[in-house]
Amino acid sequence: MKIAILGGGLMGNALAEHLLSEKCELSIYNRSIEKIADLSTHGARICETASEAVEQSEMVILLLSDAEAIATVLDSVSPGAFSDKLFIQMGTIAPEQSQHLENQLNSVDAKYLECPVLGSLPEARSGTLILMAAGLEENYRQALPLLKMIGETPRYIGETGQGAAVKLAMNQLIAGLTATFSLSLALIEESQIDVDLFMQILRESALYAPTFDKKLDRMRDRNFSDPNFPTKHLAKDTRLFLEVGEKLRLDTTALEGISRLLDKAVAMGMENTDYSALYAAISPDRK
């Protein structure tokens, strides 16, 4: 199976490592080539241009930061390289952006499937990401052997744009759960209440979510380094949800406040830290 990955950030690198372990023939391109150079030792073809990566592949995974980055990279690909290639868009973009991308690729004889993923670096490296595919069913069937390497139970959502909508809904929950837990934890700490006791009560309740324990130590220690999902990406995804919500006439008042907190964390210099840095925006360090 000849696969190309366009985008060598945190997720692109992790997924590349996994696909190489599955014996895929992998070509990878990133605008900053130094970020993917180490993958050559695992057997990846490091490509200096996106065209080279696409030409070497049967299926192309897009793991770029946003729709603008996707457009910039695809604009650099020679027109003849697109024909009969299946492009699988795995980043977080808006439904309308995904539909526009499908139309663009179809116009150059390429096929398209949106398949955003839920999970972080450990899941990417172990092939246990949650996949939400949408688009033509025949494209989904073609991609299915690859998708099953990436996630054990890929789900077919429906038409293009619906997978993107599910992904935005999930990431809105990431922002909401992290912000509300941060606020509760800040009250407990400021009130000098035993945090372990608070967590025992929370775990016994219907209010508990596993992400609370995953982020608890980071928040208490204020250690937001080595992120699996950086603050800047959650801030971008939250803004995307707000744009989509406005078009659908949803009341996004609560999320608007969380978006401001994410922007505050970014302004504090935490754009490349773990998104649990929301806690620092909510509860400034008083030491």
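In which loop is arginine 249 found? I looked this up in what is a predicted model, and I placed arginine 249 in the loop between H10 and helix H11 (253-270).

**Backbone at two loop residues**

I noted that arginine 249 has a positive phi of about 60° although it is not a glycine, and that at 79% relative accessibility it counts as exposed. I then turned to lysine 23, which sits in the loop between H1 and E2 and whose phi, near 70°, is again a positive value in a residue other than glycine. Lysine 23 is exposed, with a relative accessible area of 72%. I kept in mind, as background, that most residues other than glycine have a negative phi.

**Helix H3**

I next asked which residues of helix H3 (residues 67-75) are buried, and I found Ala69, Ile70, Val73 and Leu74. These cover an arc of only 125° around the axis, which puts them on the same side of H3. The general rule I recalled here is that an α-helix has 3.6 residues a turn, so residues three or four places apart point the same way. On the face of H3 turned away from its buried side I found the exposed residues Glu68 and Asp75.

I also looked up what covers the buried residues of H3, and my list includes strand E1 (2-6), strand E2 (25-29), strand E4 (59-62) and strand E5 (86-89), together with helix H2 (50-55) and helix H4 (95-106). At the N-terminal end of H3 I recorded a cap by aspartate 66, a side-chain oxygen of which lies 3.3 Å from the backbone nitrogen of glutamate 68.

**The largest pocket**

For the largest pocket I noted about 1,500 Å³ of space and a lining of 47 residues, of which Met11, Gly119, Asn228, Phe229 and Pro230 lie nearest its centre. By class, the lining divides into 16 nonpolar, 18 polar and 13 charged residues. Among the elements that each supply at least two residues of this lining I listed helix H1 (10-21), strand E7 (117-118), helix H9 (210-221) and helix H10 (231-247), while H7 gives the most, with 7 residues.

**Alanine 209**

Is alanine 209 buried or exposed? I found that alanine 209, in the loop between helix H8 (195-203) and H9, has a relative accessible area of 12% and is therefore buried, the cut-off being under 20%. From alanine 209 to valine 266 I noted a separation of 57 residues in sequence and 25 Å in space, C-alpha to C-alpha.

Note on methods
Residues numbered from 1 in each chain as written. Predicted model: local features only at pLDDT ≥ 70, side-chain atom pairs only at ≥ 80, totals over all residues. Heavy atoms only, no water. Buried < 20%, exposed > 50% of the residue type's maximum accessible area, 1.4 Å probe, protein only. Helix = DSSP H or I, 4+ residues; strand = E, 2+ residues; numbered from the N terminus. Arc of directions from axis to C-beta. Contact = heavy atoms within 4.5 Å. Polar contact = N/O pair within 3.5 Å; in protein donor to acceptor, adjacent residues only side chain to side chain. 1 Å grid on protein atoms, 1.4 Å probe; cavity = no way out; pocket = protein on both sides within 12 Å on 5 of 7 lines; lining within 4 Å. Points joined across faces, edges and corners; volume = space filled by probe spheres on them. Nonpolar A, V, L, I, M, F, W, Y, C, P; charged D, E, K, R; others polar.
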